[in-house]
Amino acid sequence: MLASVLDIERLDGCGVRIRGLDAKAASDAEIDALRTAIFDRGVVFLEDQALAPEDQIAFARRIAPIVVNRYFPKTERYPEIAKVEKSEAQTTNIGGGWHTDHSYDAAPAMGSVLLAVETPPSGGDTQFADMYAAYEALSDGFKAMLSTLKAHHASAHVFGAGSGYANTDRKELSGHADTPEAIHPVVITHPGSGRKALYVNPAFTTGIIGWSPAESEALLSFLYQHAVQPQFVHRFSWRPGSMAIWDNRCTWHYAMNDYHGHRRLMHRITLDGVPLA
Ligand code: SIN
């Protein structure tokens, strides 16, 4: 059950909206309830947050310790804040496919605090998918089979030399030497909520341990189609001052790239996580 100190509205598909919370002035009880809502519902949306970079950093630190993303460009004065930016001239965005951040790390990032700074006149929404609900909708027999499996996750094909971004106008995101890999259970027990969630994703999961590439692909394709059915997905439209705080362990997200010719600038802080089991 969600804590009552916050005005929480459950959204279709994934996540909750919280009204009346000022991230700069939140009480300790509100921060605790917010963290519970993030763990339980996967993503929390706030509106009208007038936050300077220092305010966003201080707010994020109250939810969890901050970790600096290896790959994204940083804001000029604040290494804690990554710039998720697409200019008027660029055609490739950041995060333009279903993924969950940092699954290639042994202790994947808990989540992110993403603040909209500049938004296009239309488009640039982000979709979020609920991996608790996706897991819970599977049959008991299939869940039992998945519970025996582990998957391999990698970053080199996205951020390393010659990676996915190398042939785009986002070359700055490719060519990195530090490209971790990790193995995690296909179904994790969320460390904050104790609930089970599906933990594979189309961007970084490269195969099922002990399975052939063809077998892995067959299973993963099924799970990827299953997980993005409309009943598990919420599409969020941003305006400046909108903020999303998501949990990578129980959601995926997908930044829509449908606003060519316009600038979109988001400030992202990544929150540190723990090893998953
Ligand atoms: C991301 O962190 O994947 C980007 C999300 C967004 O820009 O909406």
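This is a predicted model: local features need pLDDT of at least 70, side-chain atom pairs count only at pLDDT 80 or more; totals for chains, interfaces and linings use all residues.
**Exercise 1. Describe the overall fold content and dimensions of the protein.**

Solution. Begin with the secondary structure of the protein, which comes to 6 helices and 16 strands. Next compare the radius of gyration, 18 Å, with the 19 Å that the globule rule gives for 277 residues; the two values are close, so the protein is as compact as a globular protein of that length. Finally, take the extent along the principal axes, where the C-alpha atoms fill a box of roughly 50 × 45 × 30 Å.

**Exercise 2. Locate the ligand, and work out which residues surround the ligand and which side chains make polar contacts with its oxygen atoms.**

Solution. The elements that give two or more residues to the shell around the ligand are β15 (251–255) and β16 (264–271).

Third, apply the cut-off for a polar contact, a pair of N or O atoms within 3.5 Å. An N or O atom in the side chain of Arg268 lies 2.8 Å from an oxygen atom of the ligand, while for polar side-chain atoms of His99 the distance to a ligand oxygen is 3.0 Å and for His253 it is 3.1 Å.

Last, consider burial: taken alone the ligand exposes 260 Å², and the protein buries 100% of that area.

Key. Residues are numbered from 1 along each chain as its sequence is written. Side-chain values use heavy atoms; hydrogens and water are left out. A polar contact is a pair of N or O atoms within 3.5 Å; within protein, one must be able to donate a hydrogen and the other to accept it, and residues adjacent in sequence count only if both atoms are side-chain atoms. Accessible areas come from the Shrake-Rupley method with a 1.4 Å probe; for residues, only the protein chains shown count as cover. Helices (H or I, at least four residues) and strands (E, at least two) are DSSP runs, numbered from the N terminus. The radius of gyration is taken over C-alpha atoms; the globule rule is 2.2 Å times the number of residues to the power 0.38.
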